[in-house]
Amino acid sequence: MNRREFLKYSAAAAGLAAAAPLLGSSEAFASARRVSSSTSASLSLLLDHTSLEVSRFQHAVNLFEKANPGITVSVENIADAAAFYTKINTEGVGHTLPDVWYVRTFDVAYDALKGWTEPLNSYIAKTPGFDVNDFFPALRSQMAYGGKIYTLPWNLSDMVIFINKTLFQKAGVAIPSPDWTWDDFASTASALKAKLSSHQYAGDVNNLLADGYWVLEGVIAGNGGALLSPDFKQATTSAPANVDLLNFFVSLHTKGYMPTPGTYPAGVDPFVAGLEAMAANGSWVIATYPAEIAKSFEWELLPLPKGSTGKRGTGVAGGGFGVASTSRNKEAAFMLADWLTNTSSLNYVVSDYLDSLPSRQSSMPTFLKTAANVKYAPGGMANVVEETKTALPIAYPPYVIPLDTALTNRIPPIFTGSTVTKQMSALAGDIDTMIKEYYP
Amino acid sequence: MTATLGVTTPAPPLARSGAKRSGLKRREELEGYIWVSPWLIGFFAFTLLPFLASFALGFTDWNGVGTPKWVGLSNFIHLFTADPLFWQSLKVTAIFAALYLPLSLVLGFGLALLMNQPLPGMRFFRTLYYAPSVLSGVAVAVLWGFIFNTNFGVLNWMLGLVGIAPVPWLESSFWVLPAFVIMQLWGVGGSMLIYLAGIQGVPTELYDAALVDGATWRSRLRHITLPMTSPTILFNLVLGLIGTFQIFTQAYIITQGGPNYGSYFYALNLYDTAFQDLRLGYASAMATVLFLIIALVSAAVFRWSRTWVYYAGRRGPAG
Amino acid sequence: MTSVVEAPERAAGERRARRLNGRGIARQARASRRLRTKRREAVTRAVVTYVLLIAGGVILLIPFAWLVSTSLKPPTEVYAFPIVWIPHPAMWDNYVQVFQQSPFARYLLNTAIITSIGVIASLTGSSIAAYAFARMEFRGKRVMFAVMLATLMVPIWTVLIPTYIFFEKIGWLNTYLPILVPAFFATPFNTFLMRQFFLTIPLELEESARVDGASRWYTFVRIILPLARPALLIISIFAFFYYWNEFLLPLLYIQSQDLLPVSVGVSNFVASQQVNFPLEMAASAIAIAPPLILFFVFQRWFIQGIVVSGVKG
C-alpha cells in the first residue's frame, strides 16, 4: 500500500451499506457550543470522502443551515484523492479555493507555506467553549504550523497490529502483551513460523514501510531515529538508528515472516484472507474488517511494539477542515468548520461505527460504545485508545508529497536486492533536492 | 489514440488570367482569412495564449503564490545539469518508445492486412480488436495493475500454464517497461483501423496488373501495398511518437513511476513537478524541452520519410 | 471494389476459358492445376488468418473476462490462486449495489449534455477552418497549419493552469463553457482530419459549381459537406468518446456536485470502495459499458465509414 491508497483510507473507511439512523438533533449539535445565528453567507464545502461519509456530512450541514438560517452551504465531493489534490492545487493557484475544504494534517505545512489557509487562532479565541486540548496530543502538533492553527481535525488514524487468534491457537503460541517490543515481535514470529504452513506468514509489517512518511517516521522515532531534522532542513536518513531498524525489518523478510512488498495487488488483504498471524495495518480498517472477516477466524488488536527507546513508534495522521485565505466569509466558514468537528458531530459520526477514531478525546466514549456493539467486534480496542493517547508528536514537512513519492521508490528495493545503506543515501539525495526547493 | 492520414500535396491554385490575378488573389486571400478566422480566434485564445504563457513561465520561478520571478535560463540549466530525474524520465520514455513504436507498427499493419480479406466475420473481428482502444481512465489502469500482479495476476497465470516462472512485472525496474508496452499494445486496434483504411484505399488496378504479371503475395505487399500506404504509416508513426511522450495515466495509477523510477515517464515527471510540487516555472521549462524534443524528432522522421514515403499526388474520388 | 482474392481466380478462369477454345487437353490440365493451387493457397491463407485473429482475439478479451469475473466474486475468492474464473457464488448484487450507492441518472444526463454539444461543436468549427486550409490560398497558410500541428505536441499539464486562470478571469468557472466553447472554434486534430479529407475531393466538382454561379458557402454546405460524410462521421465518433470520457476539465472547473458528469461520478464511486475489490471492479465494468455498448451500436457506420471513405494516404 502506498500513499495514494492510504489517502483513500484516511478519509475513513466506508463500512456498512445499510443506511444508519440519523442521530443527533439540531439542539444536540447546537448545545455543544453557542452559535451565532445572525451571520448571512453562501459557503462552499469540498470533501474528499466516500459516498456514505458524504451523506453524514450532508446531514450535519443541513442541521448547520437550520441553526444558521442566513447561511447556505453547497457541498461538492471528489472521492479520488489524486483528483482531489489536482483540483485543490489548481484552485489554490487560481485563487478559487472553496470556503471550507478537507485539509489533512500532512497538508497543513504545505498549504500554510502557500498561503492558502487562514490561521484560525483568532477565531478559536473568539469562540467560547472551544477546547483545543480536547484534540489528541499527537494531533495538536500537526494541526498547526509555525504556531498557527490551520486545520480543525476531524478524525485520526494510526497503525495497529492485527492478531489472528485462531492461528495463534493452532500454533500453540501465546499472544504477546500490549507492552511488547520489537524483539518480542521477532521471537513470536519465529515461534509461529515453525507451526504455520508455507503460504502463511507469521508477521507482516509491510504496511509500516509502505504507507508513507507519517508512519515510517513514527516507527523510526520509537527507536530514537528520524529521517529529517526537527526543522525539516536536513536529511538524517542514514543515522544508525534508522539503518538498524530497517535492517531488522529486512531480516523479518529474509527469515520468511513476511512477504515481499507488492506481492498482493491493491485491494487484496492477506490478513482478511486468513493468511497472516500478525499484520500491521491502519486503524481505519478496524471499521471494515468485522463485516469482511465475519466468522472465518477470531482476531484482536495490539498496539505497535515498543522500540529501543521504550516508547511505541506510533505516528498519527488526521483529516480536518481548513478555511481558505481567499474566502469572502471567513467568520461563517470557520463556524462551519467548527460545527463539523465539534464533539456532537463527531459523536454522530462514530455512533455508526463508520469511521476511524474521532479527533477529540471527548468523543472516545461514544466510539468505544459503538465499537463494542458491532457484530464480530475484535478485542483490544482499549489498547488502541491507549496507543493513540501516547502517540508521538510528529509534524510534517511542507515537502511531504514529493517525500512520499521518494519513499515509494526507495524503500521497496531493500527487499529485492539493494541494501538499506544504499537506499538511505539515495533517499538523502532526493530529500536534499526537496529541501533546496522549499527552503531556498 | 492515433490520427490518421497521409499528407497529400495541396491542390494547385486555379489558373487565372494575368490581368485579373492580383485582384482575384487578394479577394481569395480575404475569403481565406474570413473562413479561417473562427479557428484563428479560438486558437489564439484557447491554445496559443496559454501555450505562450507556459513557454514564458519556463523562464521564471513560480510556485503558484505571488508573482512569477524572472530567472532567465537557470531552469533549463538546472534541468540539464543538476536534475537526475530529468534524464531518468527521458531514458524511460525513450526506451519505451523504442520498444513500443516498432511493435505497434508491425502489429497494427499486420492485423490490418489480415482483416483486409473478404472473409466472413471480418467485421466482427474489426470491432473486437478496436474495442479496447475506446476505453480509458482509472478503471482500466486498476484492471491492468491486477493483471500484472506477480502472484495473482492473469498474465503470470497464463505463463505458468506453459511452464514459465512468474515474472515480477511491476516489481522489477527491468520488466516494468515491457509491461507498459503490453498495456499500450492492447489498444492497437485504433491504429489498425486506420491502416486498414489506408490499405483499402489502394487502387485495385495496381493489384490486378501485378497478378497478371504473376506477382506473389509477398511481392505485392512490398511493391504495392507498403509504398501506397506509406503516408499513412508515416503519420501513425509521428502521432504515435507524440502520444508516447505523453503517456501518463497508467504510470501514475499503477506504479507511481516505480520501482526505483523505472517507469517514471516524462509526462509523469512533468505532472509531479507541476501539480504536486507546484513548481510551475520549472515544469514549464520541462514542457518546453519536451516540445522541442518532439518537434526535432518529428522533423527528423519527416526528413527520413522522404526516402520511403510515396505521395500519389492528386487523388481521384473516394472508394 | 474487387478484392485481391477474387481477381486471380477470375483472371485464371478467363485464361482457362480462352485456352479451352481450341487448345490441348494438357494445357487444360495445367490450367486447372494452377487453379487448384490458387484455391489451396487461398484456403491456407484463410485458415492462417482465422487462427491468428482468434488467438489474438482471445488474448484481447482476457482483461475484459477477468474484469467481469472478478466483479462477481465474493471478496475471499479474489485472493484465490490459481485463478478462479467462475465465481461461487456469483454476486450479481454487486451491480445492484453500484446503482444504489450512486446518483447515476443525474451524472448520465450531464454527460449527455456535454457530449451532444461537444460533438456538434467539433463538427462545425473544424470543417470550416479545414475547408479554408484545403481550398483557399492565403499568406501564412502553411505556417498556421504547422503551428496548429505543433500544438498537438504540447502536454496538457503546463497549459492547464494558465488556461484555468484565463477562464477564471472571464468568469466561466462552474460552467461547461471552458469544456465546450473551444470546440466550436476548431481544434487541431479535427481540423487536420477534415483538411486531409477535403484534399481528396476532386476540384472539378467545385469548379463546375463555381462556373454555375454558386458561392463558396453554398458549395461548401451543399456539395462538399455531403461528400465528406464519412469523415464527419469519424469526427463525431472520436468526439463522442472524447467528451464522454473527459474527466480532467470537469474535475477542475465544476464546483457543484449536481453538474458533475459520469466520468467524475464513476471515479467517486470507485474511490469510495475501500476494501471491497469486486465492487470496485463492478463499478469499473459499469463505467466501461456505455462506451462499449455505444461503440457496438455505431460500429457498423463507423467502420464502414472509415473503410469506404477517402480517408487514406
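A residue is buried here if 20 or more other C-beta atoms lie within 10 Å of its own, exposed if 12 or fewer, and partly exposed in between, with C-beta atoms placed from the backbone. This is a predicted model: local features need pLDDT of at least 70, side-chain atom pairs count only at pLDDT 80 or more, and totals for chains, interfaces and linings use all residues. Residues are numbered from 1 along each chain as its sequence is written, while chains are lettered from A and ligands numbered from 1 in the order in which they are written.

**Stop 1: chain C, residues 188–198**

Select helix α9 of chain C. Helices (H or I, at least four residues) and strands (E, at least two) are DSSP runs, numbered from the N terminus. Eleven of the eleven residues of α9(C) are buried, so this helix is largely enclosed by the rest of the structure. The buried set includes C:Phe189, C:Phe192, C:Phe197 and C:Phe198. C:Asn190, C:Arg195 and C:Gln196 are buried too.

**Stop 2**

Go to C:Val181, in helix α8 (residues 177–184) of chain C. C:Val181 has 17 other C-beta atoms within 10 Å and is therefore partly exposed.

Next, pick C:Ala90, in the loop between α3 (75–78) and α4 (93–100) of chain C. C:Ala90 has 13 C-beta neighbours inside 10 Å, so it counts as partly exposed.

**Stop 2: chain B, domains**

Colour chain B by domain. The bounds come from an automatic or database domain assignment. Domain 1 covers 16–57 and domain 2 covers 74–305. Their C-alpha centres are 34 Å apart.

**Stop 3: chain B, α8 and α10**

Select residues 189–200 and 217–244 of chain B, which are helices α8 and α10. They pack at about 145°, axes 9 Å apart. Axes are lines fitted to C-alpha atoms, for helices over the stretch in contact, and angles run from 0 to 180 degrees between N-to-C directions. α8(B) passes α10(B) in a right-handed crossing. A crossing is left-handed if the near helix is turned anticlockwise from the far one by less than a right angle, and right-handed if clockwise.

Which residues of α8(B) and α10(B) make the contact? Show B:Ser191, B:Ile194, B:Tyr195, B:Gly198 and B:Ile199 on α8(B), then B:Thr225, B:Thr229, B:Thr232 and B:Asn236 on α10(B). Contact means C-beta atoms, placed from the backbone, within 7 Å. By class there are three nonpolar, six polar and no charged residues. Ala, Val, Leu, Ile, Met, Phe, Trp, Tyr, Cys and Pro count as nonpolar, Asp, Glu, Lys and Arg as charged, and the others, Gly among them, as polar.

**Stop 4: chain B, α12 and α13**

Move to residues 266–276 and 280–305 of chain B, helices α12 and α13. Their packing angle is about 160°, with axes 8 Å apart. That makes α12(B) roughly antiparallel to α13(B) (under 35 degrees is roughly parallel, over 145 roughly antiparallel, 65 to 115 roughly perpendicular, the rest oblique). The crossing is left-handed. On α12(B), the contact residues include B:Tyr266 and B:Leu270; on α13(B), they include B:Met286 and B:Leu290. This contact has nine nonpolar, two polar and no charged residues.

**Stop 5: chain A**

Finish with chain A: 19 helices and 13 strands. Of its 440 residues, 58% are buried. Zoom to helix α18 (residues 400–410), where eleven of the eleven residues are buried. Among them are A:Asp404 and A:Arg410.

Methods:
Two residues are in contact if their C-beta atoms, placed from the backbone, lie within 7 Å.
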